[in-house]
Amino acid sequence: MTITLAIETSCDETSCAVIKDGREVLSNIISSQIEIHRKFGGVVPEVASRKHIENINLIIQEALDEANITFDDVDLVGVTRGPGLVGALLVGISSAKAIAYGINKPLIGVNHIEGHICANYIEHKDLEPPFTCLVVSGGHTYLAQAEDYTEYELVGRTRDDAAGEAFDKVARALGLSYPGGPLIDKLSKEGNKDAIDFPRVYLEHDSYDFSFSGLKTAVLNYLNGAKQKGEEIIVKDVAASFQQAVIEVLVDKTFRLAKERKSNKIVMAGGVAANEGLRNMMESRGREENIDILYPSRILCTDNAAMIGAAAYFNYMKGRVSDYYLNVVPNLELR
Ligand code: KG4
Ligand code: ZN
C-alpha cells in the first residue's frame, strides 16, 4: 500500500489530499478563494499567494485528520510544480519540500494538467491508457493521446484563449459573476442554442488546434450591436448559442482524433469537463460512434489535490522522483 500526501496551490484553491495507491481518496480538502477574488472579476495573483500561506498548514492537517493518518504513515509527497501562478505554486512546493525532507520520503513534482487527466483514474477504477483525452480548464485547452500512465502525445492546443477563459470572459460581458463557466452552463439549459449563429472556428482543415478569441469577439460585437440598435438582449440565448459554438468544435475535433487513432475511449478533464452541454453532446456522439466517454465527477473536474496525488503516484511508479532543487514552472507544458 502506498499513501500519497498531495498539495495543490496553482491558482485559487488551497488543497491537500491523501490518496491510497493512486486511485482511492482518503481525504481531499479544498479551500476555495473564489469569494475573495470574485469582487475583482478574476484571480489576483498576489492575493492568492497570501491566502495560500495563511491556509496551507491548516489544510494539510485537516487532510491528515480526515484520512485518519499522521505524517508517519505518508510514503510519498506530491505537489503541483506548474503550470500556474508563480507565487501561488511556490507556497505549495515549499510546504511539500519541508514535509518530504522532514519525513525523509520521496518528493514528486506534478504537472497540473496531467493531474487533471489523472482525476479520471480516481473516478474510473478500471481505466487504463491508451485513450484520447480532452483537457479543458480555465488556463488550458489540450487535445492529447494518452499512450501510457505518464506518456502523452500532445496533438492540439488552443492558439489563444483557453475554453474556460472564453466562458469566463463571455460571462463577464453578459454581466455574470466570476467564474462564469458554471453560470453559462446553467443559463444554456433554458436558452435557445440556435438563436444566434456564432462562428465555429476549426482553423486549417486538418488541424487539431483550437481558437476561441474570435468567438469571444463575435459575442462582444453581437452585444454591442444589439445595444446600439436598442434591441433586447436575451442573456440565456446568447449563453446557449455561445456554449453551443464552443462545444461543437471541442466534440468534433476530439472525435476526429479518437477515430484517427482507433481509440475506443475519450476521457475529459479540467473545469469545463463539468459542463453539462459538453458532457451530453460527447455522450450522444459516443453512442453513435461506439466510443466510451469518461469524465470525473464535478469536484474532481475543478482544481483539487486528489488528482495531484494520483498523478504523483503514477509518476513514482515510473521512477520519476524530484530532488530538493524542484522549482516551479509557471508555463509548464503537458509534454
Ligand atoms: O480546471 P479549473 O478548475 O482551473 C484551471 O486549471 O484553470 O477550471 C476552471 C475553469 C473556469 O474557467 C470555469 O469557468 C470553468 O472551468 N468551468 C466551467 C464549468 N465549471 C467550471 N465551464 C463551463 N461549464 C461549467 N459547468
Ligand atoms: Zn486546473
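Predicted model: local features only at pLDDT ≥ 70, side-chain atom pairs only at ≥ 80, totals over all residues.

Modeller: Residues are numbered from 1 along each chain as its sequence is written, chains are lettered from A and ligands numbered from 1 in the order in which they are written, and side-chain values use heavy atoms, with hydrogens and water left out.

Biologist: Which side chain makes a polar contact with that of aspartate 161?

Modeller: Aspartate 161 sits in the loop between strand S8 (151-157) and helix H5 (163-173); helices (H or I, at least four residues) and strands (E, at least two) are DSSP runs, numbered from the N terminus. Because its relative accessible area is 7%, aspartate 161 counts as buried (under 20%; exposed is over 50%, partly exposed in between, with a 1.4 Å probe and protein chains only). A polar contact is a pair of N or O atoms within 3.5 Å; within protein, one must be able to donate a hydrogen and the other to accept it, and residues adjacent in sequence count only if both atoms are side-chain atoms. For aspartate 161, the 2.9 Å partner is lysine 216.

Biologist: Is phenylalanine 210 buried or exposed?

Modeller: Look in the loop between helix H6 (181-190) and helix H7 (213-229) for phenylalanine 210. Beyond its neighbours within four places in sequence, its contacts (heavy atoms within 4.5 Å) include Leu134, Arg157 and Leu250. Its relative accessible area is 0%, so phenylalanine 210 is buried.

Biologist: Which helix gives the largest share of the lining of the largest cavity?

Modeller: On a 1 Å grid over the protein atoms alone, a cavity is a set of points where a 1.4 Å probe fits but cannot get out, a pocket is an open set with protein on both sides within 12 Å along at least five of seven lines, and lining residues have an atom within 4 Å of a point. Grid points are joined across faces, edges and corners, and a volume is the space filled by probe spheres set on the points. The search finds one cavity of 30 Å³ or more, and the largest holds about 40 Å³. Its lining includes Ala245, Val246 and Val249, and the largest share, three residues, comes from helix H8 (residues 235-260).

Biologist: What is the volume of the largest pocket?

Modeller: The largest pocket has a volume of about 1400 Å³. Of its 47 lining residues, the closest to its centre include Gly138, Asp168 and Pro179. To repeat the value, that is about 1400 Å³.

Biologist: Which residue has a polar side-chain atom 2.6 Å from an oxygen atom of ligand 1?

Modeller: There are 20 residues around ligand 1, and His116, Gly138, Asp168, Asp185 and Asn275 come nearest (near means a heavy atom within 4 Å). A polar backbone atom of glycine 271 is 3.0 Å from a ligand 1 oxygen. The side-chain atom at 2.6 Å belongs to aspartate 168.

Biologist: What is the omega of the peptide bond from tyrosine 178 to proline 179?

Modeller: Most peptide bonds are trans. Proline 179 lies in the loop between H5 and H6. The bond from tyrosine 178 to proline 179 is cis, with omega near -10°.
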